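This briefing considers how the parts of one protein meet, and then turns to a single residue.

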Amino acid sequence: MPNSAQSSQPVSLMTDHYEFTMVSAALSDGTAERPCVFEVFARRLPTGRRYGVVAGIGRLAELLPGFRFSEADVEFLRSNGVVDEATARWLADYRFGGDIDCYNEGELFFPGSPILTVSGTFAECVLLETLILSVLNHDCAIAAGAARMVTAARGRPLIEMGSRRTHEDAAMASARAAYLAGFTTTSNLAAGRRYGIPTAGTSAHAFTLLHNDEQAAFASQVAKLGVDTTLLVDTYDITQGIRNAVAAAGTRLWAIRIDSGDLDVMAHHSRQLLDSLGATDTKIVVSGDLDEYAIAALAAAPVDIYGAGTAVVTGSGAPTANLVYKLVEVDGSPVVKRSENKATVGGRKTAVRRHKPTGTVVEEVVVSQGTPEPQPGDRPLQRALVRGGELVADLPGLDDSRELLRQGLIAIPWEGLKLSPGDPSVPVVMLS
């Protein structure tokens with residue numbers, strides 16, 4: 001796993017101003033060193049969702065070692081009145097020395113699941129809040145939306161192609177989260193290089209328009225890339241486009257892509273025409289504002305591959321996972337927030353997922369200040385990520401996380417895979 005940060009901005013300043021306000025005051029009144037436990041969880045899932053997907057743990061592991069305050073960082077904070085001299089001196093020596101436990105990437109989560117636990121002094125833990133939430137809220141949201149698209153695709157491959165619809169750093173993070181969720185490839189080459197994700201791409205209408213006619217454009221692409229390429233056939237008339245594609249590449253053309261129109265109608269029409277021309281093995285790729293609902297609507301269409309972009313990188317309507325970072329323990333004793341509609345359960349949590357003998361998930365059991373009474377079929381959900389400020393080295397790879405998610409979606413009750421709104425797929429039982 002690369003150790004360099006993805007962003008060109010200082011990782012240490014990926015924080016909110018109020019975190020430094022709290023650190024400064026805590027250093028002044030002597031509470032900064034009190035042992036604390038913070039937890040990341042969702043009070044509720046985004047509207048219409050029945051499960052969340054843990055993603056971003058690997059990216060967080062990349063960023064944490066760089067969470068230090070350089071001389072320039074400290075000077076910026078001091079000169080802008082964010083911190084006083086005493087806090088500036090403390091920040092110059094800052095290094096997170098606590099522990100972090102987490103759910104594995106690819107694990108499902110539900111309201112109340114303690115997906116990340118940060119233990120250490122108040123001051124060192126509170127500074128990590130914004131970094132942790134910005135990574136996890138983004139990546140978990142992308143992975144959950146992408147997982148719903150994978151379910152809707154029913155085993156057909158999906159290409160992630162949303163880089164042009166989001167920030168350049170978010171594009172890489174989105175490609176990673178979508179691949180974790182089960183997408184087959186990404187069009188983002190930076191993500192391919194950084195994370196080893198397979199890449200794929202077709203061509204744009206601009207290439208066809210560059211040439212004097214469609215035949216010339218197709219002939220050029222085939223001459224350079226061979227018949228194992230994908231020709232975009234809807235720049236002009238799709239029927240003639242398919243005829244031109246087969247004329248240029250022959251019946252062994254690998255695929256055509258349709259990016260507009262009524263995709264259901266166009267896919268059936270294209271399949272019939274390809275077959276009549278002898279291109280029976282030529283695949284049909286469809287793209288164009290696809291989300292899980294559009295993909296599900298194409299289940300009966302002769303589509304071989306889906307290309308999804310905007311919906312992927314925006315979490316398909318839920319761009320955040322609604323995760324919060326809350327203090328639950330101070331000096332070994334539970335602390336509880338009692339605000340209306342925002343109450344918390346105090347104490348460090350331990351979680352297991354409980355299964356029937358058949359392997360179907362029954363519930364998630366979360367215990368505050370203790371461990372669940374073991375039962376057959378229980379599977380612990382938390383693992384060590386950081387110990388004494390040092391990263392644990394044996395994080396699962398992306399392929400392992402993909403498989404964990406695939407198995408997790410098989411194990412939940414089938415109703416939990418529906419795209420329609422409903423209760424969370426698995427109930428969370430909170431025990432004190």
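The domain bounds used here come from an automatic or database domain assignment. On that basis, this predicted model is divided into domain 1 (11–142 + 318–431) and domain 2 (154–317). The C-alpha centres of domain 1 and domain 2 lie 37 Å apart.

**Extent of the interface**
- In the contact between the domains, 22 residues of domain 1 meet 23 residues of domain 2.
- About 1700 Å² is buried between domain 1 and domain 2, and carbon and sulfur atoms give 59% of this area.
- On the domain 1 side, Ile-142, Leu-398 and Arg-402 lose the most area to domain 2, together accounting for 37% of what that side buries.

**Polar and charged interactions**
- Between domain 1 and domain 2 there are 3 salt bridges.
- A salt bridge joins the side chains of Arg-176 and Glu-105, at 2.8 Å from N to O.

**Make-up of the domain 1 side**
- At least two residues each are supplied to the side that touches domain 2 by helix H2 (57–63), helix H6 (129–153) and helix H15 (398–411).
- Of the contributors, H15 gives the most, with 5 residues.
- By class, this side of domain 1 comprises 10 nonpolar, 5 polar and 7 charged residues.

**Thr-186**
- Thr-186 lies in strand S7 (residues 185–186).
- Thr-186 counts as buried because its relative accessible area is 1%, and the cut-off for buried is under 20%.
- Beyond its neighbours within four places in sequence, Thr-186 is in contact with Glu-160, Ala-175, Ala-191, Ile-197, Pro-198, Thr-199 and Ala-200.

Conventions
Residues are numbered from 1 along each chain as its sequence is written. This is a predicted model: local features need pLDDT of at least 70, side-chain atom pairs count only at pLDDT 80 or more; totals for chains, interfaces and linings use all residues. Side-chain values use heavy atoms; hydrogens and water are left out. Helices (H or I, at least four residues) and strands (E, at least two) are DSSP runs, numbered from the N terminus. Buried means under 20% relative accessible area, exposed over 50%, partly exposed in between (1.4 Å probe, protein chains only). Contact means heavy atoms within 4.5 Å. Buried area is the accessible area (1.4 Å probe) that two parts lose on being put together, summed over both. A salt bridge is a side-chain nitrogen of Lys or Arg within 4 Å of a carboxyl oxygen of Asp or Glu. Ala, Val, Leu, Ile, Met, Phe, Trp, Tyr, Cys and Pro count as nonpolar, Asp, Glu, Lys and Arg as charged, and the others, Gly among them, as polar.
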